[in-house]
Structure formats: structure tokens, C-alpha cells
Protein chains: 2
Amino acid sequence: MQRYFLEQDAELNQRFFIHSTDDIHHMKNVMRSSEGDKIIVNFNNGAYVSSIITMAESIEIETIELIDLVTELPVHITIASGLLKNDKYEWMIQKATELGAAHFIPFVSERTIIKIDHKKIDKRLERFKKIVKEAAEQSYRQQVPSVSFQPSSRALVKLFDDYDYVLIAYEEEAKAGETRKFHAALNTIVPGSNVLMIFGPEGGLSHDELKLFDVQAIGLGPRILRAETAPLYALSAISYFYELMS
Amino acid sequence: MQRYFLEQDAELNQRFFIHSTDDIHHMKNVMRSSEGDKIIVNFNNGAYVSSIITMAESIEIETIELIDLVTELPVHITIASGLLKNDKYEWMIQKATELGAAHFIPFVSERTIIKIDHKKIDKRLERFKKIVKEAAEQSYRQQVPSVSFQPSSRALVKLFDDYDYVLIAYEEEAKAGETRKFHAALNTIVPGSNVLMIFGPEGGLSHDELKLFDVQAIGLGPRILRAETAPLYALSAISYFYELMS
């Protein structure tokens, strides 16, 4: 069943209208839904199997069953990743949403190759948010990850205090055969924590940035992962550790 | 340092010629290498830092230092994944190569949507092999994963005897909240084993296929992963389990 999001609280057997033109387009033209079909709607206070009552300019639905399966990672992972060329960033955030990321911070890293047009950045962020929302619906997420931009590494550092843990994925650790720090870190991070994970752009983080960040660098195994692959490895390992090993 | 592959045995201070036109193009035009530059060459019996001696029609190199870092997963994972639409298969095998897969079996699953033109399949496989080779070089793999095609689920089943373990990633397990079987399986799979992991195409495996395969189905966490994302989750978790937790 397809999932949609409504930013309201809900109770059983309550009716709501879906007004989002994107969602209505998706239900009518992509899913070809009809009245009586079942969908899942994520409300602020939980998810409900819901029945489509009427399909008109807006779509009316009624909640018919509370869903108690938890699909959110028990730790809240923010992926701060240097902006990347082409469509790589877009598919990274799509996959990372499927894999449970809670928040994305695209930032301009020292070695970010693409030119950042600050006039166009808002448009790009809107596109990121749309991709994330669709991926959240398709993967049965209960929360849509948020997206916010930081124009520099220096701006990113100012956010560190908002987090319980900050980790850097650093390719030189992989090359040096480092294999223990990631697992050691996960063993100390308790469910409910807010974790910021920082990833470099193509070419990696600079030594100046590592010095500026001044937090623990972890290796993600012995192979060198591309910039867009590393966050997916980290999120998969975190899911395995917290959701499948316990 | 960039990696290249030569299917020969090597000793220290031995000279070799690189004849592959792809590799020569890559060294000359992409990496802009010059005589005296260092590269890493993977031979059948190990990897060596090598020095470029002469760059002409062929490129002569000399092995100067044995590398003892192991970058291959301790278990040999074959990813048998139903063929997918568009370029999704290509990026899946690129990422799965970075993440350590040993072998790929693209197969025609019951719900495979794309039309398979059996005349064109050889050309498509050549393209897959090229992507895999480049990803192996870039990610410091010591082996280039192989790629072989199977025209049906029935043909795939005939290969099961070649493997120590066969696992199916099944989305219904995720929806049902199954969270223990993957970890239990990894706990029984010893290093050196050959493992076949089967993934459905868009729309998943059919019930008939599950019955035909008749092997253990495992869940990959509570979120529904796209067909191209599931193999990346599995490989990342396997790397974490065998390479970072021990």
C-alpha cells in the first residue's frame, strides 16, 4: 500500500482531505487509485490504513486501522554530505531516505567541485525535499526527513552542539586498514540519540576541514567508497546494528 | 593511487606490459599519468605498487612494493538480482562492486518489466562488465567481480548446488516485522563460504518463484527498500558484520 503524509493528528474513523497537488496527481495518475481503495496515511501521531471515500478536486479519506509497526531507525541520523556533481546527490538522498536517515545537510565543502549558485540553491533544495518525500512514502517511513543547506564547513561546525555524537567518515582510515572505530562508536550510542555523520564530496574532506571539525574519524571498511556510496553503507550498518542484531 | 588489473602472476621488481586499450586510454587521458608515476596493479597472486617505466603504444610497468592490505570480503557474495528498468541495474552493480560483491547474476524474473532482447543481452553484459571493472579499480578491489546472465528463475535454481548458502531477500518479511533471520544466517556463515543472495526486480519475487527457490527468506529491516537498494543494504551489513565487528 502506498503511503502519504498529513501533518495533522488523527483518530480512528476520522475523515480528512488530501489537498497536496503532488499527492493527488500521484494517487490519480501514478497509482490509478479509486474510491474504496486502501492507502496508508502517516499523521503526526501515528500511521493509519485509510480508505478513499471520494476522489474529486481534493481526496477525502477515512482512517480505518492504526498501524503499530515502527519503521523509523532508533537513532536519529543526520547525513551532512558535501554537495556532489550531477544527479549523484539526488540519488544519494533518495536511497538514504529508504535507509532511514532523519535529516540531510547538503553543505559546501572545500573540495566541492560544483559551482554553487546561491540564487538557485533554494530551487535545488525544493527538488531535494520532493525526492525525499517521495522516497519516504515509498519506503513506508513514518517521518519525512528534513533538508537544510549550509554554505560552508565553518557553518556546519556551529551545529555540532545540537547533536549527542558527531562522526566523520574518512577515506584515509579505510586505506590505513582502520576497522574498529565505527563499531566501537555504535556500541556507545544509545537509542534516541541525535547523531551527525559527516561525509566529504568527491575528493574527500581536506586536512583543514578535519582539523576544523576535530571529532572522531571512522573507517567504513577496507574498500574505497565513492562519496555517494559511503552514507548508504553507514546507514545500512546502523540499521543492521540497531534493528536486526538485537 | 589508481588500480589496474593484469591476469598474470607477478614477483617483486618484475616488468610487465599493459596492453588493454581501455586501461591505456584511462592512464593517458583520464589520469594523465607520466613515466615515473606510481600505480597499483592487481595480479592474480597479489597487488603491487608499480612504477610506470615507458608510455608508448603499450605501457611498461615494474612492480616495486607488495601491498598486503586485504580489500576482499571474507565471504564470496553472488548477487542474483532480477533485471531492472533504465540505468538502475548499472548503478546497482557499480555500488555493489564498491561494497564487495564477488559475482553478479542478472536474471529474468517473473515480474521483470523490461523486454529482454536476447540478441542485445551480450552487448548489455559487456557494458555491465565494463562498469564493474572500473568500479573495482576505483574502490581498490583485488578481484574484478564476474558477471553472467540467466534467462529465467528456473535456470537460476540449477546453480544452487554451487553455493554453500542461498538466501532470498523478501520484502514481505520486512512488512511483517521480521528482524532476526539475516543476523542468524550471518552467524552461521563462516569466512570462505560461497553465498548466493537473490533479490527480486521492481514488484518483487512472485509466490511461484519463492516456492521454486524454496530457501530461507530474510528481512532487511522494517523499511521497504527499492529493488536496486536492497543488495547494497545486504552487502553493507555483511561488510560491517565480517570486517568491522570482529
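Author: Gladly! Bear in mind that this is a predicted model.

Reader: Thanks! Where does A:Glu173 lie, and which residues does A:Glu173 touch?

Author: A:Glu173 sits in helix H5 of chain A, residues 171-175. Leaving aside residues up to four places away in sequence, A:Glu173 touches A:Glu178, A:Lys181, A:Ala217, A:Ile218 and A:Gly219. As for A:Asn45, 128 residues apart from A:Glu173 along the chain, the two C-alpha atoms are separated by 42 Å.

Reader: Now to chain B. What makes H6(B) and H8(B) oblique to each other?

Author: Helix H6 of chain B (residues 181-188) packs against helix H8 of chain B (residues 230-244) at an angle of about 50 degrees, and their axes are 11 Å apart. Roughly parallel would need an angle under 35 degrees, and roughly perpendicular runs from 65 to 115. H6(B) and H8(B) are therefore oblique to each other, and their crossing is right-handed.

Reader: Which residues of H6(B) and H8(B) meet?

Author: From H6(B) come B:Phe182, B:His183, B:Leu186 and B:Asn187; in H8(B) they meet B:Tyr233, B:Ala234, B:Ala237, B:Ile238, B:Phe241 and B:Tyr242.

Reader: How many residues of that contact between H6(B) and H8(B) are nonpolar, polar or charged?

Author: The contact of H6(B) with H8(B) has 8 nonpolar residues, 2 polar and no charged.

Notes: Residues are numbered from 1 along each chain as its sequence is written. Chains are lettered from A and ligands numbered from 1 in the order in which they are written. This is a predicted model: local features need pLDDT of at least 70, side-chain atom pairs count only at pLDDT 80 or more; totals for chains, interfaces and linings use all residues. Side-chain values use heavy atoms; hydrogens and water are left out. Axes are lines fitted to C-alpha atoms, for helices over the stretch in contact, and angles run from 0 to 180 degrees between N-to-C directions. Helices (H or I, at least four residues) and strands (E, at least two) are DSSP runs, numbered from the N terminus. Angles under 35 degrees count as roughly parallel, over 145 as roughly antiparallel, 65 to 115 as roughly perpendicular and the rest as oblique. A crossing is left-handed if the near helix is turned anticlockwise from the far one by less than a right angle, and right-handed if clockwise. Contact means heavy atoms within 4.5 Å. Ala, Val, Leu, Ile, Met, Phe, Trp, Tyr, Cys and Pro count as nonpolar, Asp, Glu, Lys and Arg as charged, and the others, Gly among them, as polar.
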